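Please read it alongside the sequence and coordinates.

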Amino acid sequence: MTHATLRVHVDPDKCQGHNRCYSVSPDLFELDELGMSSEVGDGIVPAGLATQARLAVDNCPEHAISLTEAAATEAAATEAAAETEPAAEAEVRR
Amino acid sequence: MTDGHPPVGDFATDFDHTDPAWVADPYPIWDDLRQRCPVAHSDRYGGAWLPVTHDLVSEVAYDTEHFTSRTVVVSERRPGPDALPAPIGLSPPITSDPPYHGVIRRMLLPAFAPKPIAALEPFTRDLCRDLLAATEGRTSFDAAVEYTRHIPVQVIVRFLGFPLEDADLFRGFISLVLEQVDRPSDERDQMFTELDEYMDAQIADHIAHPRDDLTSFLIDAEIDGSKLPHEHIRGSMVLLMIAGIDTTWSAIGASLWHLAQHPGDRRRLAAEPGLMDTAVEELLRAYAPVTMARLVAKDFDFHGYPFKEGDWLLLPFPAANRDPAAFTDPGQVRLDRARNRHAAFGLGRHRCLGSNLARMELRVALEEWLARYPDFELSDPSAVTWSAGQVRGPRTLPVTIL
């Protein structure tokens, strides 16, 4: 059974370092020395973290975060990784 | 307060952010203007504009071509194009424009990133506990005077490396800059001179005795291999002192003011610590303390309004946060509001440098207060007083512990 695999991306030209995405979802975002955010790795969202990813989008004051469906090949490649993180679901706050 | 200004008749054509009606409760005023204008005008302060929708506030915040940040506090002194040392401005980087703004901001950002700010949390928590311990045994006291106002001032004093006993002096300076904006400009000049002299003495002391604090950080900082000019260091210190104290004091106080009047919210927050993150953001949205300002940089037509070079523009992020076009039920405080793109720390390149610090202080101050006093109420709602000007928060907040 498959579901759409999502990819999250921070536009570095729009990010102003509000730090909301990192606060909502520290597994999906990381901060540089200046406090500016970027997606972790290739931005592929593990299955259990889709809610966190959407919250990050919905809380960015600068509209700097995009969430798109990843290409099918990338989805297949990361499916296994997503399977290994069922515990992450429990961390979704809402 | 408003010694010098006549009362406002119609806020659409004659607004004044020091008017008693605005100071007491600005939200109905902004709601009304949003329906009628949505850009109000006033001939006061030499001419000023006031957009009140989220869209228009955002548009101005992102537009550094038509608006300059050369000065960000509206007062009787309306600087002409050559009156301030653009593009740096008097208190960089808040008063700086691109491209210089980005250079000085990047230099400061690492000191305000989440990691160094987290290092200040234990100090802040101990401070809050000590302040609350001093209220032990009393059932009523002024939470603004005995709790909220001491927290940011002592954190900033520690951050800048000034003597702790100078905290009262700082509060006097802050009142001058932010609240006494309707005083004659020569009186303001005299008080600013005293403020500059204080900072000069601190800089000299830090040059003689370097230490691990923000003042020494600024003295040591280099841009393109050159140290910062003295006026730049001093301006940034004034900015950090003013911007870091009054604002957070206001946010903590307004949050306690809300919780004092909403038993359901305070009991829920005390019982569900996991709610604190969304609660802090929601309280920041609903009671955002800071209204910024810009100067119009050149004549142009802004959605049909004839903006002229040198006009003031108040940039009310708190009004943007109450716009029903941007937030569902904006007048309702929902501590679990999940979607919250509030603009309490501004939008665009001038996003509050100290937002991570302010959030940490607000969260810790509420956690420690609720741990000790989960149930409390206003002793006398009519006795609560609010600051005037561009930073809004309770300055008198008598509470009764239940």
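**Notes on the model**

1. A:Asn19 counts as buried because it has 22 C-beta neighbours inside 10 Å, where buried is defined as 20 or more other C-beta atoms within 10 Å of the residue's own, exposed as 12 or fewer, and partly exposed as anything in between, with C-beta atoms placed from the backbone. A:Asn19 lies in the loop between strand E1 (6–10) and helix H1 (20–24) of chain A, and although it is not a glycine, its phi is positive, at about 75 degrees. Helices (H or I, at least four residues) and strands (E, at least two) are DSSP runs numbered from the N terminus.

2. On provenance, this is a predicted model, in which local features need pLDDT of at least 70 and side-chain atom pairs count only at pLDDT 80 or more, while totals for chains, interfaces and linings use all residues. Residues are numbered from 1 along each chain as its sequence is written, and chains are lettered from A and ligands numbered from 1 in the order in which they are written.

3. B:His303 sits in the loop between strand E8 (300–302) and strand E9 (305–307) of chain B, and it is exposed, with 11 other C-beta atoms within 10 Å. As background for this point and the next, most residues other than glycine have a negative phi, and most peptide bonds are trans.

4. Two cis peptide bonds in chain B deserve a look. One joins B:Cys37 and B:Pro38, with omega about 0 degrees, and B:Pro38 has its place in the loop between helix H3 (27–36) and strand E1 (39–42) of chain B. The other runs from B:Pro98 to B:Pro99, with omega near 0 degrees, and B:Pro99 is found in the loop between strand E3 (67–68) and helix H5 (100–108) of chain B.

5. Chain A has three helices and five strands, and from the N terminus on its elements run β-α-β-β-β-α-β-α. Of its 94 residues, 36% count as buried. Among contacts in chain A with a separation of 6 or more, 72% are accounted for by residues 24 or more positions apart, two residues being in contact if their C-beta atoms, placed from the backbone, lie within 7 Å.

6. Chain B comes to 17 helices and 14 strands, and 49% of its 402 residues are buried. Its radius of gyration is 21 Å, which agrees with the value near 21 Å that a compact globule of 402 residues would have; the radius is taken over C-alpha atoms, and the globule rule is 2.2 Å times the number of residues to the power 0.38. Along the principal axes, the C-alpha atoms of chain B fill a box of roughly 60 × 55 × 40 Å. Of the contacts in chain B between residues at least 6 apart in sequence, 70% join residues at least 24 apart.

7. How do helix H11 (residues 185–208) and helix H13 (residues 230–261) of chain B pack? Their angle is about 110 degrees, with the axes 10 Å apart, the axes being lines fitted to C-alpha atoms, for helices over the stretch in contact, and angles running from 0 to 180 degrees between N-to-C directions. H11(B) and H13(B) are therefore roughly perpendicular to each other, a class that covers 65 to 115 degrees, with under 35 counted as roughly parallel, over 145 as roughly antiparallel and the rest as oblique. The contact is made by residues including B:Leu195, B:Met199 and B:Ile203 of H11(B) and B:Ile233 and B:Met237 of H13(B).

8. Helix H15 (residues 276–286) of chain B is mostly covered, since nine of its 11 residues are buried, among them B:Val280, B:Glu281, B:Leu284 and B:Arg285. What covers the buried residues of H15(B) includes H13, helix H14 (263–271) and helix H17 (355–372) of chain B.

9. Between the chains, 17 residues of chain A are in contact with 22 residues of chain B. On the side of chain A that touches chain B, helix H2 (residues 50–59) of chain A gives the most, with three residues.
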